[in-house]
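Dear colleague,

Please find the structure below, together with its sequence. My notes on what was found in it follow.

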Amino acid sequence: AEEEEEQHAEEEEEQHAEEEEEQHAEEEEEQHAEEEEEQQAEEEEEQQAEEEEEQQAEEEEEQAEVEDEKGLVEEPEEEDEALPSSKEQDQLNDDDEKDLSKEGAGEVIDENVEEDNEEISNDDKEDDNDNLDDLSIYVEERIIEEISNDDPQSRESEDSAEKQVETETIDEVESEIEKSSEPTETESAEVIAESIQRTIDVAEEPKDDETVEENEAVEESVEMGDQESVVEELIEDDEEEVELRPRDHVAQLLKLGTESEDFDKVSEKNSEILLRDLKKLYENAIRPLETLYKYRDLSNRHFGDSEIFSKPLILFMGPWSGGKSTIINYLLDIENKEINLHTGAEPSPAYFNILMYGEEPEILDGTELAADYTFSGLQKFGQGLEERLKGYKIPSKLLEKVNIVEIPGILEVRKQVSRIFPFNDACQWFIDRADIIFLVYDPSKLDVGPETEAILDQLKGREHQTRILLNKADQVKPEELMRVQGALIWNISPLMSSAQPPVMYTTSLWSRPYEQWAPVRLLQAQERAFLRDLRTAIDKRIDNKIASARRFAVRVRNHAKMVDCYLTTYYNHKSVFGNRKQVSDEIINHPQDYHIYEGLSTLTNISRYDLPDPDVYKDFFRLNALYDFQQLSSTCTYFRGCPINRLDVAIAYDLPELVGKHKRLTETAFSETVAATKTPIS
């Protein structure tokens, strides 16, 4: 007991010693903090003192400048009184010459006198110019003082008259300066000062209301006439210098004229019928398994009403300053309109530009765009993306049929740039909904960096809808154009998972004329092929919708079978008294030990490359516990059957049947329009 008491006493002493040491350490830290605060306070005081000294020095300099200006304004009159006139100087020179001739100085003295006279005349000219500059400054200050001293009511009525007086005074001063610079003997600084004083007196005279109104009317008419003349001159210069290329073929190849209106109306009715059938098929066959196995938690690729009933989407993407905005302005014929996309050599602002149809031109922000049902799915990417969205409503015939999206230019930088929203996920959202994708490149920017590689990796499965546009091709000499095309194909083809190289168009899509050395026939043919391809994407709207629905159905089916495979493995390894969370975590974290992916590929004939990575399912099962899902066999009922069987039937039979139905309706609509427009032969 005594030993224990001694131990307790020793422990208490050690605790006291430790507490004292801690107190000492805290006191030392407080002292250090106080010393640092005092040093900071002293530094701030020194900075304030230095700033005050700098302010005082600046004020003294300003006062000195003001005094110097006042001295310059007051000096000219005194200098004018002290300066002799040119006539007096000439008389003095003549007297000197006479005296020197009487004394017989000879030719050498005469030459010296002439040199002295030339120096004096040059000095007088410089003094006159300095005096004229000072006088012009004085006149301007006097006029400004008169304007500032007037009443606010009289200022508006006297503006025009004062402007005329200012212009007259400046013109007279300039004319006098020009005259004074010439080697004349009759004019002097006194005459110039008198003329300037007369103009000041005229400015100080009171004006009548009638004269003020007349001056205002004259000034307005002169300004309007000048503006109109300037505009006319600019228009004439543009017409003379630049003859814009004709663009009638654009509306013809895109079928934007009145000739195709009847066919478009009939095809629109057929499209509505097919889209309603597609929605029924989605509700009955795809959506049950999508909801049951929570596919929306796994992927950002969704399918719903906004994807089914939206217009065809044309997507432009590529490096910065490749000509994406210029191409869109050219297609919509808004190059010279008030509302158009910004173009220039510098990188454009990093906005997702969305162009849609509107009765009147209008610019929308991200909040208004997210409220539209077509782009409502962008809300899940957060407020950061909404701030980078910009919409344009433009009354264009092409936008009646499609929506156009321009993704911000890809700027390859060495340092990884952090964004306030998931840029690649947002790009993937537009890629999944695009009917045709154009990668726009500039002949001078063919490099492919990590940003471009990430974008091209997202185009997997969309290679047949991807096109490459080599824009600004007229700026390259014909002998170099083939080399540029080959370099671009070799840079991009290895990064796209396709055995065939992508389709490429070599164009120069804007209204400016081609360069002199450009292969005009080749560029025109490529532009026409590009426009036909664009029209084909519009005509294949229903086919693209059905193809998107089939891809989405395949992803949902693969996801359901993958979850079912995880569940089967879980129930095979779960014991009666085992910890179900521990077993499920072991299977989720090490799927390769249980051969889940290999077994699924062998039993279901699903390719390993069509399945998500195991890391994706790790995140998915963190949100949703594995043992909370049902096996596919337990989802079957007696009356409705199995959801997985309905989905397989939809993928194999129902969706292809919709494609055939669409072709039949299109053929009948075309034959009806041809029969209606055909005239009887007499």
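How far apart do the end C-alpha atoms of residues 278-309 lie, and what are the helix and strand percentages of the span? The model is a predicted one, and in it these end atoms are 10 Å apart.

Helix H8 comprises residues 261-292, and helix H17 comprises residues 541-573. The two pack at an angle of about 5°, and their axes are 11 Å apart. As angles under 35 degrees count as roughly parallel, H8 is therefore roughly parallel to H17. On the H8 side, the residues in contact include Leu-274, Leu-278, Tyr-282 and Ile-286; on the H17 side, they include Ile-546, Ala-549, Phe-552 and Val-556. The residues of this contact comprise 13 nonpolar, one polar and four charged.

Turning to the nonpolar cores, the largest has 49 residues, and Tyr-566, Tyr-617 and Phe-621 have the most contacts inside it. At least two residues of this core come from each of H8, H17, H18 (580-589), H19 (596-604), H20 (614-623) and H21 (643-677). H17 supplies the largest share, with 14 residues. Leaving aside residues up to four places away in sequence, Phe-621 touches Val-563, Tyr-566, Ile-588, Leu-626 and Phe-629.

A second, separate core has 44 residues, among them Ile-437, Tyr-441, Ala-518 and Leu-523.

Yours sincerely

Definitions and conventions. Residues numbered from 1 in each chain as written. Predicted model: local features only at pLDDT ≥ 70, side-chain atom pairs only at ≥ 80, totals over all residues. Heavy atoms only, no water. Axes fitted to C-alpha atoms, helices over the stretch in contact; angles between N-to-C directions. Helix = DSSP H or I, 4+ residues; strand = E, 2+ residues; numbered from the N terminus. Parallel < 35°, antiparallel > 145°, perpendicular 65-115°, else oblique. Contact = heavy atoms within 4.5 Å. Nonpolar A, V, L, I, M, F, W, Y, C, P; charged D, E, K, R; others polar. Core = buried A, V, L, I, M, F, W, Y, C linked by side-chain atoms within 4.5 Å. Buried < 20%, exposed > 50% of the residue type's maximum accessible area, 1.4 Å probe, protein only.
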